[in-house]
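User: Hi! I'm new to reading protein structures and would like to go through this one with you, question by question.

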There are 2 protein chains.
Amino acid sequence: MSLVVVGSMAFDAIETPFGKSDKIIGGAGTYIAWCATNFAPVKQISVVGGDFPQSELDALTARSVDLEGVQIKKDEKTFFWSGRYHMDMNSRDTLVTELNVLGSFNPVVPNSFQDCTYLMLGNLAPAVQLSVINQLQKRPKLVVLDTMNFWMEIALDDLKQVLAKTDVLMVNDSEARQLSGNYSLVKAAKTIMAMGPQFLIIKKGEHGALLFHENKVFAAPALPLEEVFDPTGAGDTFAGGFIGHIAKTNDVSFENMKTAIIVGSAMASFCVEKFGTERLRNLTDADIKERIDEFVQLASFDINLV
Amino acid sequence: MSLVVVGSMAFDAIETPFGKSDKIIGGAGTYIAWCATNFAPVKQISVVGGDFPQSELDALTARSVDLEGVQIKKDEKTFFWSGRYHMDMNSRDTLVTELNVLGSFNPVVPNSFQDCTYLMLGNLAPAVQLSVINQLQKRPKLVVLDTMNFWMEIALDDLKQVLAKTDVLMVNDSEARQLSGNYSLVKAAKTIMAMGPQFLIIKKGEHGALLFHENKVFAAPALPLEEVFDPTGAGDTFAGGFIGHIAKTNDVSFENMKTAIIVGSAMASFCVEKFGTERLRNLTDADIKERIDEFVQLASFDINLV
């Protein structure tokens, strides 16, 4: 039984209305790993340049992240992204994208990762995601896919191939509409589930998330926050909490996925409290339990009163 | 014990991407009455012209709506509104507004309405809402206020006077931001509750609703719908379901308000299925119970799995 995560490891530079970060550690794979290791060990597939700090790699190893699948290209540079958030924190401008090592990334799945039970495909080029799926000799129990509008625009055919091999897709509401061509999210869900995934998670940021499966739907709330300091990585952290909980409980039922979405939402609510991965690095089990309890309070109501 | 509703009774003409209505019965007070009477009798305060159909008044009376507080101005015309919804159904253009009798509306509270326990102030000029509050010799157990951005723009001082006498305010998210000057809804809630209401309901349409009280918050989901046929009156119907449940149960606790929001949300989900008040006119208790059960399914999760 193992959880394999595929995703970028990167440098980010972030500007928000509240401040500006230096070049800090980022990347979908990094956020997923920092988050998921609260629940289960991670086998990581990624690529970094010679400029990626050894201290970060050591910190991840200490966190029970197996880095055998992380290629280190000594003479090249790590993927770099820089962005600026608008006042509403829901929209952002990309200022700089330097693909660097990510531009030629050819993932190699180590033999020791062939025991993969849970495969979390972080947001990345669909061709890379597909390569990892195809290298696994045994189909994982659950393949979870995160993607974004960018790939729908430039690599839709590749993305459709990945979708056909995916169990759970997570996208935001505008991406669900774009991918399906349906404005109604209920219709969008039906269209997308016909493309492969039996489960669809639609992330709606401050409005929570929806889980669709067959004719069932679950609505998870988002915790209303006094301040969102930095939304970067919130979606990746959600993915990490989701797959971490699934791996820990080894249960892929609809009921358990509902719980996994609450766990993912709770973890994402931590992520946005500080720049980058900072808040994720020193969470205790008690912190997490307390935050999940807040979600229970937030969503519970008594219908026996009716 | 009685539930008094103040609100417009009107004609509407509605265009949506799915069709166009004739001049049909509308108005906040009408929607609230049709909805709330599923739960409790209503004493209605409003004004109509001589053109308002007697058959509609008779239907409301048969529905246990006491119309003693409804002024009929034989020689004048009923308020008329016409609007066109955009494809996303969240935004609309007003095509025609003819205030007619509403322009000079001076509400008179009948003596038989002085037993008012629950006062639902539907969306209307704050001066009219204030006049009704001031005519009541005994303060109701609960005053619930619906309003909109329009009144914040042209009658903010009046609105603030009403707010100071209100227990529960219901507005949408952009209105909460406008009224408070805060982007964060948590901060907006604090600011607004300092203006008078101890409870704040923020309606988010397809994203559900939030209830704030002291340091507590409840997030109600909205039922994901395959099609929204006509959103007109959904907010009024929500208000009607909310206050109807409160009046029926005679319980103004935070816990019961959570349930009332679920009831209001369920009723609003019916409203949008057809043009105008049509769907509200023939709901059975079984229909309502079934829809509320869908909300329970939608929102429930088991955290013992964590």
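User: What rotation superposes chain B on chain A?

Analyst: Let's start with the general idea: two copies of a chain are related by a rotation about an axis and a shift along it. In this predicted model, the shift along the axis is 0.0 Å and the RMSD is 0.0 Å, with the copies superposed by least squares on the C-alpha atoms of residues with pLDDT of at least 70 in both. That is the relation of a two-fold axis, and the rotation is 180 degrees.

User: How should I read the labels, and what cut-offs apply to the model?

Analyst: Residues are numbered from 1 along each chain as its sequence is written, and chains are lettered from A and ligands numbered from 1 in the order in which they are written. As the model is predicted, totals for chains, interfaces and linings use all residues, while side-chain atom pairs count only at pLDDT 80 or more and local features need pLDDT of at least 70.

User: Which residue of chain B comes closest to the rotation axis?

Analyst: Here you go by C-alpha position. The distance to the axis is 2.9 Å, and the residue is H207(B).

User: Which element of chain B gives the most to the side that touches chain A?

Analyst: The contact takes 34 residues from each of chain B and chain A, where two residues are in contact if their C-beta atoms, placed from the backbone, lie within 7 Å. The elements of chain B giving two or more residues are α7 (185-193), β14 (216-220), α9 (254-271) and α10 (285-299); helices (H or I, at least four residues) and strands (E, at least two) are DSSP runs, numbered from the N terminus. With 6 residues, the one that gives the most is α9(B).

User: Where do the buried residues of α7(B) lie on the helix?

Analyst: A residue is buried if 20 or more other C-beta atoms lie within 10 Å of its own (exposed if 12 or fewer, partly exposed in between; C-beta atoms are placed from the backbone). By that rule L185(B), A188(B), A189(B) and I192(B) are buried. Seen down the axis of α7(B), they fall within an arc of 100 degrees (taken from the directions from the helix axis to the C-beta atoms), so they line one face of the helix.

User: Is V48(A) buried or exposed?

Analyst: V48(A) sits in strand β5 of chain A. Leaving aside neighbours within four places in sequence, its contacts are M9(A), V70(A), I72(A), T78(A) and V101(A). With 29 other C-beta atoms within 10 Å, V48(A) is buried.

User: Which strands stand at the edges of the open sheet in chain B?

Analyst: The sheet has 9 strands with mixed pairing, in the order β6-β5-β1-β9-β10-β11-β12-β13-β14. Each edge strand has a single partner strand, so one side of each is left without a neighbour in the sheet: these are β6 (65-73) and β14 of chain B.

User: What is the angle between α6(B) and β11(B)?

Analyst: Axes are lines fitted to C-alpha atoms, for helices over the stretch in contact, and angles run from 0 to 180 degrees between N-to-C directions. α6(B) lies across β11 and β12 of chain B, and its angle to β11(B) is about 110 degrees.

Key: Two strands pair if DSSP finds at least two bridges between them.
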